[in-house]
Amino acid sequence: MIRYIIRRLITMIPLLVIITSLTYMLGQYGAGDLAAYLTLRSSPDGKFTLEAYERIRKELGLDKPPLIRYADWLFKAVQGDLGQSYILPGQPSVMYLIKSGFPVSLQLGLVALMIVIVIGLPLGVAAAVLHNTFIDYLIVGSSTVLSSIPSFALAPIALIIFVLELKILKTVPIGWHGIFSEQVILPAFVLAAGPLLGVIRYTRASVLETLSQEYIRSARAKGLPERWVILRHVIKNSMVPIITVLGLIASGLVSGSIFVEQIFNLPGFGSITARALQMGDLQTVTGTLLISGLVVMFSNLLVDLCYGMLDPRVRLNE
Amino acid sequence: MLKERILKLLIISILIITLVGVACTPQVATPAVIKETVEVEKVVKETVEVEKEKIVEQTVVVEKTVVVEKEIEAPIESEMSAVQELRILASTRTATQLDIVTWGHTSEITWLWAPLVGQDINFVPDDSGLAESWEISDDGLIYTFHLRDAKFSDGTPITANDVAWSFGYGAMMCHPDYFGKRGNYATLSRLNMVKGLKEICDGTADLEFKLFEAAPLEGVKVIDDKTIQFELTYAYKFFLEIMAQQFRVGKPENIMAGQGKEYTEDNWWATDPGTAYSGPYKLESFSPGQGYIMVPNEYWWGDAPIIQKILVTFVDDMNTALAAFRNKEYDVFNYLLYPPQPYFEMLHDPYLAPLMQSKGESFVKMHLWFTPYQPMDDVHVRRAIAMAIDRDNLIKILNGGESDGVTPTEGWFVNSIKSCMEQRKDVKQLAFDPEAAKEELALSKYGDAIFNMEINIQQFSTNDAVLVQAVQKMLQDNLGLKVVIRTEQIPDWTNPPYPVHIWPNLQGTSIDPTQDFNVVLTAMISEPSEPDKIYSLVSMNYEPEFLALMNKAIANIGSDDVCNDVGEVWKQWNERAITYVYGINPFAYLVQPWVHNYRVRAGDGNQLWMKPGIEAVWISIH
């Protein structure tokens, strides 16, 4: 098991290099001229001078070839220094931004994941058990509609319905008030809405496939009540493919909550990335993408480890 | 089977009941509305004969708007809410914005810092600031200010030395080594007529930049503890007005304490514990990216504020902010709103429309249409084009069919800023008249060849797509011109296809009509010698008389003659060049009806420095 983990960790390195090098190189050619921007910004009369431009280029190391610059960045990144944002007010270090934003996104992602699991799994099982019935169509249909609405549209709709009209929630959630606050429900729900359909459909398909297995027929034949068949045999054996989906969703929820965080002013990872993207802040974008890549890879690793626990036939060290 | 049918029926019934329930939920009742008394006097409707090449009869409608200030509502004990807390929704502010020189003068941050010179709702300087009186020398070069007995929020007195040091700090922040860093755009750079400041701002002074230090200034002299003198390099008509807008006073020891500290975007000297403030409120806490809290400064020299806590919550998403405001969780919605949305949506919303506190103006949408190249080098072509564009219709097209609240303007200045009014009243754009436009085009030196020439309009971004397409259609329909929209990057502006340049969104909120547009004037007098620079296209050097006029205007910036010059430039601009100023974008604050005396000044949205300001605000039971 340990050898397997080490091997997986080592294989992450080239992947991370590919992700960051692509981001870094594309950013060099597509995100405008940072030195020109800083030259204009640092000029009180807004005039562009070539001397200032050259000086700033040199200070930033932009006179070096992109490959050397990337190597410099990577060397520092390995030591935990992801550089500095030259665009954001205060010119903070990228690591500082990530450290301040990541815990919020992680907690929000966890709540959203809980919503996905608590709502998605039972509905998926129900849809499978009652397949081709009205309930099945209702579950799949309504989750398809819900997942089709992008979060930036769903959030205001949810605000109007749950806060202003139905008054189920008393206040509009603005800002981060902790994982156990009532204000986390709506952002987490909006975040969870997108992946919900995937979980329901995967669960439905997986459960349906399990239901058609011979050992299920045997269980029924030996007189086990239906709910015991479902709870003891079907759900556990359907979990392996669902875990894969949940793992991917989990990483997406943590690193991909850009719209939700902006809408509800949550000071998370997504907000930082969005602001950096809007402002052409390549240093921050590269740093956040590196972390996003790490999150996805570690989620995949966790998923693989879970396989072994759920299905003894899977031998991870092989 | 029966069970399944019952279940189906049950679910369908629940769905129908829910839908009907949501649809029938009563709308939130519109609360009582405070109506500000505004008298609009439409005075003259006269016929003016304009003599040019022929006599043209033109109807001029002069509208005079007299705003009668609403009386301040004294707090009524029985109606006052037990909790006098003001909850404000605002877009995100960073810690550095709490600085005395990087502050946003339209935001609630101004309540932390007192200005040297106060200003009333009409931009007239008054004694509501730290200076209770002042004298101006006969030549207009020396201003002597006398300070009142005022204290910082830690109880220490505010002296002339503190004022001088604060001004020096602002000057230091203007130094090119730090300009533009950490959101610092050195508000004092607009006061560079103060002796010594210009050299610091343009980096020619023999001075090394040092953060959290004051730059020595020849033009600032401390006479005694309560007297300070400013010496100018030239008499500047708007010195007091710009001082009131741009300069606030902080405590030198607090700012200097920032030396050597490592600040991120989330903290700054102004957020350090123990910082003293000079305004009616002091900072209690600042939560990065989330908001901040202000409480009254017990040493404030004016009337004690009634509001005991101001909670500012940051949220940048307008829909979320509006939902929270509609849900009555907040008292003030402090955002700049630009048409078309959500401005017009609010304007027609029965709950929000009466709560829009100010319909002032902040942006001039401006379009310059001159180029030294053919066929725009011909004044008749430019005039014809100007007359062939229906401005009123263009405003509607650009704002999704709406024009309510968006007023056309005749010059580069927003109507609500009361500056050079005498000279401005005669400034008129060429009126929309397709027939006159055709006649004007016939006078062009290009003759019929003009109909085969391409008029190229540059579309810089997709945001301008509607604008350029609308203009293209108007010119084709009204003049039969061949108009081509250019969306490609043009590396050389001085060679064909000679695109017409459109310059949108110029901001004109300074009381000085030349300040915001100095850049435009400078571009217009420049040589089109740099083909890669956009301003080559707006050079007016092919119109020598106009060029001379603009040079004179620039030379006179700040002087008493400036209004005459500006007025003349405006008139000539409209007559000779194609300057298309098509509308003004208003902005609005939303203030709940239970908040009394919260006044926002039109034009720049300043909320504090008018009599009475924030200290008169109170909240009734709701």
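I looked up the pairing of β3(B) with strand β15 (residues 332-334) of chain B and found three bridges in the parallel sense, where strands pair if DSSP finds at least two bridges between them, and strands are DSSP runs of E with at least two residues, numbered from the N terminus. In this pairing L89(B) stands opposite F333(B). I noted that this is a predicted model, in which local features need pLDDT of at least 70 and side-chain atom pairs count only at pLDDT 80 or more, while totals for chains, interfaces and linings use all residues. Residues are numbered from 1 along each chain as its sequence is written, and chains are lettered from A and ligands numbered from 1 in the order in which they are written.

I then followed β3(B) to strand β14 (residues 309-314) of chain B, to which six bridges join it, again parallel, with R87(B) opposite L311(B). Strand β3 (residues 85-90) of chain B has five of its six residues buried, so it is largely enclosed by the rest of the structure (buried means 20 or more other C-beta atoms within 10 Å of a residue's own, with C-beta atoms placed from the backbone).

In chain A I turned to helix α9 (residues 214-221) and helix α10 (residues 226-255), which pack at about 155° with axes 11 Å apart (axes are lines fitted to C-alpha atoms over the stretch in contact, and angles run from 0 to 180 degrees between N-to-C directions; helices are DSSP runs of H or I with at least four residues). α9(A) and α10(A) are therefore roughly antiparallel, the term for angles over 145 degrees.

Note on methods:
Angles under 35 degrees count as roughly parallel, over 145 as roughly antiparallel, 65 to 115 as roughly perpendicular and the rest as oblique. A residue is buried if 20 or more other C-beta atoms lie within 10 Å of its own, exposed if 12 or fewer, and partly exposed in between; C-beta atoms are placed from the backbone.
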